[in-house]
Amino acid sequence: MPESDLPTHPPVLPTGSADGAPSDFLAGLGWSEFFAEQLTPDETGFVRARISAVHRTRLTAVTPTGQVRLALPPHASTAGFAVGDWVLADPQTHVLHRRLERRTLISRRLEGSRVPQLTGANVDTLFIVTSCNADFNPARLERYLALANEAGTEPVIVLTKADTVEDAADFVRQAAALQRGLAVVTLNARSPDAAETLAPWCGPGQTVALIGSSGVGKSTLLNTLAGPGQERPQETGAIREHDAKGRHTTTSRSLHAIAAGGWVIDSPGMRTLHVSDSEGGIDTLFAEIIELAPNCRFRDCTHQHEPGCAVLAAVEAGTLDPERLARWRKLRDENRDNTPVVSHRGAGTTGRSRKR
Ligand SMILES: Nc1nc2c(ncn2[C@@H]2O[C@H](COP(=O)(O)OP(=O)(O)OP(=O)(O)O)[C@@H](O)[C@H]2O)c(=O)[nH]1
Ligand SMILES: [Zn+2]
């Protein structure tokens with residue numbers, strides 16, 4: 001697909017127009033002080049661009065003057081770039097100069113893979129989508145929450161298909177209990193009201209991504225967020241290119257405009273999740289357990305059988321759900337098993353070798 005067909009907030013503002021100075025456009029695209037501070041004095045002449053699609057051999061980006069194809073310097077590869085990244089490019093040639101440091105990064109390690117897959121950069125909010133039916137599963141939601149926490153993005157639980165149940169309150173209550181201060185919303189993904197419900201996270205300058213299992217309504221929600229009259233994001237956003245064997249493959253991730261002014265990173269692959277590299281994210285998720293640990297009698301308490309264990313005391317007292325404790329243990333162990341330990345020589349990684 002030619003770059004010009006990629007969706008952006010139309011019309012793309014011309015450079016220096018009266019009501020759309022490039023700086024306003026950049027702020028709407030998510031540019032902030034965090035990125036501005038990274039520029040050295042001799043870098044002010046470069047174009048600031050946000051990566052909208054990462055292909056095997058090329059990058060496309062949104063700039064104040066429209067969607068551009070970035071040329072890579074000799075021997076450079078697109079590996080290591082993520083949709084949502086901010087980069088600097090030469091204003092004439094659009095040759096990539098460098099990538100700016102990320103504010104947040106969603107990455108996942110696929111089963112058996114050494115290198116984490118970069119799903120989205122500089123995402124402010126991760127919509128964790130589940131529906132008010134049998135899909136609702138606290139253990140799965142906790143995996144997504146660990147991912148969001150680790151990435152540095154704010155998680156929001158989005159309960160779809162609220163129109164199919166008499167009362168969604170029980171789902172809301174269960175979801176809210178999964179993490180302190182967690183935002184939870186209910187909606188009908190097919191209704192235009194859904195865009196209004198999600199508006200606090202979808203305004204100019206804000207970037208969101210969606211994750212959830214198949215059939216919960218992610219595509220439906222994407223279309224609703226794109227607004228009426230927009231091309232369907234999955235259709236416009238699927239970037240087809242030939243792979244090494246000449247087959248057509250669909251590269252999944254791309255940046256789309258939201259009618260409310262924000263941006264969404266569409267990543268259809270984000271369904272199942274096995275957890276790795278997320279120790280900090282898991283600690284945030286299970287803060288109520290982590291905070292009890294210092295009160296245990298033994299410093300290396302495993303909270304399983306020890307006398308004077310504050311965690312077990314909380315279960316005994318009814319303030320901590322034993323199932324929650326069991327899920328924490330399982331997720332923490334899975335994370336340890338899946339997180340390679342960097343060897344001392346830094347010459348590689350070895351999985352499944354970290355001590356319990
Ligand atoms: N009644 C109702 N139906 C919904 C809602 N959200 C989605 N659906 C329907 O559920 C079905 C699945 O929705 P999709 O948007 O395709 O789900 P998805 O998460 O994108 O699924 P994958 O593409 O497989 O990942 C479709 O028939 C939708 O119309 C909702 O909030 N209410
Ligand atoms: Zn303990």
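**Notes on the predicted model**

1. A199 is found in the loop that runs between α5 (193-197) and β11; helices (H or I, at least four residues) and strands (E, at least two) are DSSP runs, numbered from the N terminus. This residue is partly exposed, as 16 other C-beta atoms lie within 10 Å. For the cut-offs: buried takes 20 or more other C-beta atoms within 10 Å of the residue's own, exposed takes 12 or fewer, and partly exposed is in between, with C-beta atoms placed from the backbone.

2. Before going on, a word on the model: it is predicted, local features need pLDDT of at least 70, side-chain atom pairs count only at pLDDT 80 or more, and totals for chains, interfaces and linings use all residues. Residues are numbered from 1 along each chain as its sequence is written, while chains are lettered from A and ligands numbered from 1 in the order in which they are written.

3. Overall, you're looking at 11 helices and 17 strands. The protein has 356 residues, of which 38% count as buried. Among contacts between residues at least 6 apart in sequence, 63% join residues at least 24 apart (contact: C-beta atoms, placed from the backbone, within 7 Å).

4. On to the open sheet: six strands in the order β10-β9-β8-β11-β15-β14, with mixed pairing (two strands pair if DSSP finds at least two bridges between them). β10 (183-186) and β14 (254-257) are at the edges with a single partner strand each, so one side of each has no neighbour in the sheet. Neighbouring strands here are turned by 30° against each other on average, direction ignored (axes are lines fitted to C-alpha atoms).

5. Inside that sheet, β8 (residues 125-131) and β11 (residues 207-211) pair in the parallel sense over four bridges. F127 stands opposite L210 in β11.

6. β7 (residues 117-121) is worth a look too: four of its five residues are buried, so the strand is largely enclosed by the rest of the structure. Its pairing with β6 (residues 105-108) is antiparallel, over four bridges. There, I106 has G120 of β7 as its bridge partner.

7. Finally, ligand 1. It is surrounded by 15 residues, the closest being A189, S214, G217, S219 and T220 (near means a C-beta atom, placed from the backbone, within 6 Å). Helix α6 (residues 218-226) gives the largest share of this shell, three residues. By type, the shell divides into two nonpolar, nine polar and four charged residues (Ala, Val, Leu, Ile, Met, Phe, Trp, Tyr, Cys and Pro count as nonpolar, Asp, Glu, Lys and Arg as charged, the others, Gly among them, as polar).

Terms used
Contact = placed C-beta atoms within 7 Å. Axes fitted to C-alpha atoms, helices over the stretch in contact; angles between N-to-C directions.
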